[in-house]
Structure formats: C-alpha cells, structure tokens
Amino acid sequence: MWAIHELGNTTNFAPNNRVLSWFIGGLNYQIEHHLFTRICHVHYPKIAPIVKATTAEFGLPYHEQPTFLKALQEHAKMLKKLGREDF
C-alpha cells in the first residue's frame with residue numbers, strides 16, 4: 001500500500017533535463033526517490049523506465065511532467081483546487 005500511495009501522490013518532472021537533474025541531485029525523479037531511498041540519484045534515469053513499465057503492467061499511476069515549468073503550473077493548479085471551499 002505504501003508504494004501505491006507514493007505512486008499516486010508523487011510526480012517526476014523534467015526527466016530529460018540532465019543539467020537540472022545534476023543541479024538538484026536527481027530530485028526531479030521524485031517517484032524513484034521515494035521508492036528507492038537508499039539508491040544513489042545517479043541511477044534514477046536508468047531505473048525510471050523500469051518503474052514506468054512496471055506501473056503500466058499493473059495498472060498503477062506514474063505521473064510525469066515534461067518540464068520544470070509545466071510541473072510548477074500543475075502544482076499551482078492543484079493548490080488553487082485545494083484552496084477552494086467547496087473542494
């Protein structure tokens with residue numbers, strides 16, 4: 001259940017941006033960061049396709065935003081939604 005919770009509530013962003021990945025220590029691979037806490041971040045780009053394929057095989061969510069800006073926009077939308085009284 002814990003891993004499914006992590007998949008449903010975590011989003012990777014800018015997975016193809018190697019400079020950003022280096023600069024923030026692989027934290028753009030949030031899913032792999034939360035699932036594999038003891039694995040060094042340099043391995044996340046190689047692990048991510050395996051995790052993505054496995055989630056698809058079992059019908060589990062794998063959230064990913066293509067860019068950092070898109071991730072910020074989606075986060076702002078979520079905060080706005082959560083801030084509504086009728087939510």
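## A14 and its loop

A14 sits in the loop that runs between β1 and α2. In this predicted model, A14 has a positive phi of about 50°, although A14 is not a glycine. Is A14 buried or exposed? A14 is buried, because its relative accessible area is 3% and buried means under 20%.

## The chain as a whole

The protein chain has 5 helices and 2 strands. Followed along the sequence, these elements come in the pattern α-β-α-α-α-β-α. The C-alpha trace spans about 40 × 30 × 20 Å along its principal axes.

The protein chain holds 87 residues, and 26% of them are buried. A14, with a relative accessible area of 3%, is one of the buried residues. Y29 also counts as buried, at 5% relative accessibility.

## The largest pocket

How much space lies in the largest pocket? The volume is about 510 Å³. The lining is made up of 15 residues, and those that lie nearest the centre of the pocket are T11, A71, E74, H75 and M78.

Which elements each supply at least two residues of this lining? They are α1 (2-9), β1 (11-13), β2 (63-65) and α5 (68-83). Helix α5 gives the largest share, with 7 residues. Sorted by class, the lining has 8 polar, 5 nonpolar and 2 charged residues.

## The second largest pocket

The second largest pocket contains about 170 Å³ of space. The residues that line this pocket are P15, R18, S21, W22, Y29, H41, V42 and P45. Helix α2, which covers residues 18-23, provides the largest share of the lining, 3 residues. By class, the lining of this second pocket has 5 nonpolar, 2 polar and 1 charged residues.

Y29, one of the lining residues, lies in the loop between α2 and α3 (30-35). Y29 counts as buried because its relative accessibility is 5%, and the cut-off for buried is under 20%. From Y29 to T55 the separation is 26 residues in sequence, and their C-alpha atoms are 15 Å apart in space.

Which residues make the nonpolar surface patch? F68, L69 and L72 make it, and the patch has an area of about 300 Å². L72 is placed in helix α5, the helix that also gives the largest share of the lining of the largest pocket.

L72 has a relative accessible area of 44%, so L72 is classed as partly exposed; residues under 20% are buried and those over 50% are exposed.

## A56 in helix α4

A56 belongs to helix α4, which runs over residues 44-57. Why does A56 count as exposed? The relative accessibility of A56 is 58%, and exposed means over 50%.

A56 and A71 are 15 residues apart along the chain, and their C-alpha atoms are separated by 21 Å. A71 is among the residues that lie nearest the centre of the largest pocket.

Terms used:
Residues are numbered from 1 along each chain as its sequence is written. This is a predicted model: local features need pLDDT of at least 70, side-chain atom pairs count only at pLDDT 80 or more; totals for chains, interfaces and linings use all residues. Side-chain values use heavy atoms; hydrogens and water are left out. On a 1 Å grid over the protein atoms alone, a cavity is a set of points where a 1.4 Å probe fits but cannot get out, and a pocket is an open set with protein on both sides within 12 Å along at least five of seven lines; lining residues have an atom within 4 Å of a point. Grid points are joined across faces, edges and corners, and a volume is the space filled by probe spheres set on the points. Helices (H or I, at least four residues) and strands (E, at least two) are DSSP runs, numbered from the N terminus. Ala, Val, Leu, Ile, Met, Phe, Trp, Tyr, Cys and Pro count as nonpolar, Asp, Glu, Lys and Arg as charged, and the others, Gly among them, as polar. Patches are made of residues with over 30% relative accessible area and no salt bridge: like charges are joined within 9 Å, nonpolar side chains (Val, Leu, Ile, Met, Phe, Trp, Tyr) within 5 Å. Accessible areas come from the Shrake-Rupley method with a 1.4 Å probe; for residues, only the protein chains shown count as cover. A salt bridge is a side-chain nitrogen of Lys or Arg within 4 Å of a carboxyl oxygen of Asp or Glu. Buried means under 20% relative accessible area, exposed over 50%, partly exposed in between (1.4 Å probe, protein chains only).
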